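Subject: Structure for your review

Dear colleague,

My notes on what was found in it follow directly after.

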Amino acid sequence: MAEVIRMPKMSDTMTEGVIASWLVKVGDTVESGDILAEVETDKATMELENYEDGTILYIGPKEKEAVPINSVIAVIGEEGEAFEHLLNDNGEEGSQTATSEEPATEEAPVEEASTASDVDLSSIPATVIRMPKMSDTMKEGVISSWLVKVGDEVESGDILAEVETDKATMELENYEDGTVLYIGVEDGGSVAIDGIIAIIGEKGTDYQPLLDADKNKGAAPKTAPKKEAPQKETVQVATPQGKKEKQEATKPAQTATTSQATGGRVFASPLAKKIAEEKGYDIAKIPGTGDNGRVVKRDVENYVPQVETPATGVAPATAAGQESYEEVPVSQMRKVIAKRLSESKFTAPHFYLTMEINMDKAIEARKSLNEISPVKISFNDMVIKAVAAALKSHPQVNSSWLGDTIRINHHIHIGVAVAVEEGLLVPVVRFADSKSLSQISGEVKELGQKAKEKKLQPSDWEGNTFTISNLGMFGIEEFTAIVNPPDACILAVGGIKQTPVVKDGQIVPGNVMKVTLSCDHRVVDGVVGSAFLHTLKQLLEDPVRILV
């Protein structure tokens with residue numbers, strides 16, 4: 001029996017994975033333990049192991065394609081085995097259109113529920129506008145603001161409303177010419193996916209049967225006999241700018257080859273028009289491949305204009321400069337960084353405490369330690385050790401907000417922020433208070449290398465109780481960091497700078513480092529945070545203490 005392979009949840013924060021590369025193809029024979037693909041999560045690239053013996057019957061997503069958790073990515077079974085029925089629950093999003101015509105194989109509805117089907121909707125010159133699915137996680141949309149009102153004349157390409165989804169506020173584009181006959185929800189109202197939000201048609205049209213049919217379709221079986229020549233029954237699912245999902249019961253799907261309709265009007269999406277304007281193209285000369293010959297984004301990007309040489313033989317003048325940009329897909333890591341830090345910044349009330357630390361003795365101590373240490377000890381290693389020691393004296397800083405309770409951790413796991421090409425990772429030095437400086441140094445170097453090579457495992461990045469972010473090596477004197485959940489605090493460490501200091505009543509050169517503690521005020525108060533920084537200052541200004 002064929003088995004469905006779904007996208008697993010490979011980390012606690014993972015919501016979707018990207019197929020970095022497939023290591024098998026349809027038709028390959030695989031066994032349990034084989035690696036099917038490499039999957040890029042928000043934190044690392046991991047191998048997807050197979051647990052079934054059989055043949056690869058189906059592969060869904062292509063390489064570099066993002067797949068939500070639990071979605072079907074492959075099917076394994078016996079060679080030649082039917083598997084199509086297993087894909088039905090994979091949620092194809094392209095079927096958000098509806099017509100009054102149902103498959104001829106369905107049985108006729110019972111008489112009691114036939115009132116809705118008795119109405120000939122094809123004779124109504126109006127189009128239903130429905131709430132589109134504008135993101136993979138969207139369940140409903142909120143009408144942020146209507147840009148039209150009942151009675152307004154609209155054309156294809158006009159923007160009807162601004163819709164707030166779970167991820168952004170987007171423009172709702174219209175694809176029909178006519179009059180706004182009905183608006184179903186006011187500004188600020190929410191509508192489920194595929195719900196009716198408006199109706200556009202000929203002025204004075206009675207559109208009520210369309211609303212009645214929509215209300216009754218959930219209670220009554222939806223069947224309708226085939227009509228040999230229906231006139232104009234169209235139901236449109238409105239889509240975000242640049243997409244169109246529309247099906248007419250009167251016409252088969254067509255691939256249009258021209259973008260200019262009768263009357264000289266050009267059919268093109270707003271995004272296509274914008275790109276064409278930026279590139280200096282005449283939109284009327286670009287062949288359209290969208291519905292009804294509509295010019296879409298890909299048409300403009302693939303268009304190669306013909307160079308017209310002036311009759312005089314003079315070369316055309318070129319612009320001195322040209323605006324350009326590059327749009328880079330957001331990586332899984334960047335998505336999670338945005339999500340988690342936004343949640344932290346806007347849910348945890350932050351406050352910040354900055355302190356200067358004289359690093360003269362720390363510089364001398366590091367020089368001496370590196371003469372005997374098996375690995376090179378950095379100032380960051382000394383900060384990690386000092387923070388761990390200070391947390392033992394101030395356990396409330398080593399805590400987490402859990403809503404109804406505050407968890408005060410008795411173990412000390414220090415997260416160390418590491419910059420990688422796609423963003424930021426925070427591998428964890430566990431039980432840092434019980435490790436020597438050389439052990440901390442070796443572990444930090446190993447974790448940093450694994451992070452840059454995307455070889456970190458979940459056990460390497462989970463469980464931090466406090467985080468350190470150090471930008472001193474880049475010449476940054478001081479900065480503030482965003483608390484890294486579930487921690488209550490994060491320490492931002494700046495560089496060591498030679499600064500005049502007062503010592504024994506004399507102004508002398510000194511080596512000063514600034515640190516800033518970001519605190520979640522739900523857990524840590526100003527006095528507690530200040531006491532922690534005071535202890536940290538004492539430890540770093542007299543490093544012998546951290547060795548005790």
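The sulfur of cysteine 489 lies 3.9 Å from the closest cysteine sulfur, that of cysteine 519, which is too far for a bond. A disulfide is taken here as a pair of cysteine sulfur atoms within 2.5 Å, and a search of the whole structure finds zero disulfides. Cysteine 489 is buried at 0% relative accessibility, and cysteine 519 is likewise buried, with a relative accessible area of 0%. The term buried means under 20% relative accessible area, exposed means over 50%, and partly exposed lies in between (1.4 Å probe, protein chains only).

This is a predicted model, in which local features need pLDDT of at least 70 and side-chain atom pairs count only at pLDDT 80 or more, while totals for chains, interfaces and linings use all residues. Residues are numbered from 1 along each chain as its sequence is written, and side-chain values use heavy atoms, with hydrogens and water left out.

Helices (H or I, at least four residues) and strands (E, at least two) are DSSP runs numbered from the N terminus, and two strands pair if DSSP finds at least two bridges between them. Six strands form an open sheet with mixed pairing, in the order 19-28-27-26-22-25. Its edge strands, each pairing on one side only, are strand 19 (350-358) and strand 25 (428-429). Strand 27 (residues 489-503) and strand 28 (residues 506-520) run antiparallel and are joined by 13 bridges. Within this pairing, valine 493 has valine 515 of strand 28 as its bridge partner.

Angles run from 0 to 180 degrees between N-to-C directions, and axes are lines fitted to C-alpha atoms, for helices over the stretch in contact. Helix 6 touches strand 22 (414-416), strand 26 (466-470), strand 27 and strand 28, and its direction makes about 155° with that of strand 26. Helix 9 lies across strand 19, strand 26, strand 27 and strand 28, running at about 20° to strand 19.

A nonpolar core is a set of buried Ala, Val, Leu, Ile, Met, Phe, Trp, Tyr and Cys residues joined through side-chain atoms within 4.5 Å. The largest one has 70 residues, of which Val387, Ile414, Phe466, Ile468, Leu491 and Phe532 touch the most other members. Helix 6 (residues 379-393) gives the most to this core, with eight residues. A second, separate core of 16 residues includes Ile129, Val148, Val154 and Ala161.

In helix 5 (residues 360-370), Ala362, Arg366 and Leu369 are buried. Seen down the axis of helix 5, its buried residues fall within an arc of 65°, so they line one face of the helix; the arc is that of the directions from the helix axis to the C-beta atoms. The face turned away from the buried side of helix 5 carries the exposed residues Glu364 and Lys367. The cover over the buried residues of helix 5 includes helix 6, helix 7 (437-452) and helix 9 (526-541).

Four strands form an open, antiparallel sheet in the order 5-4-2-7. Strand 5 (45-49) and strand 7 (66-68) are the edge strands, each pairing on one side only. On average, neighbouring strands of this sheet are turned by 40° against each other, direction ignored. Strand 4 (residues 35-40) pairs with strand 5 in the antiparallel sense over five bridges, and glutamate 40 stands opposite threonine 45 in strand 5. Helix 4 (residues 332-347) lies across strand 2 (16-22), strand 4 and strand 7, at about 165° to strand 2.

Strand 6 (residues 54-59) is mostly covered, with five of its six residues buried. Strand 6 runs antiparallel to strand 3 (residues 29-30), joined by two bridges, and antiparallel to strand 8, joined by four bridges. Threonine 55 stands opposite glycine 77 in strand 8, and threonine 29 stands opposite threonine 55 in strand 6.

Strand 8 (residues 72-77) also contains valine 72, which is buried with a relative accessible area of 3%. The C-alpha atoms of valine 72 and methionine 7 are separated by 6.5 Å, although these residues are 65 residues apart along the chain.

Yours sincerely

Key: Contact = heavy atoms within 4.5 Å.
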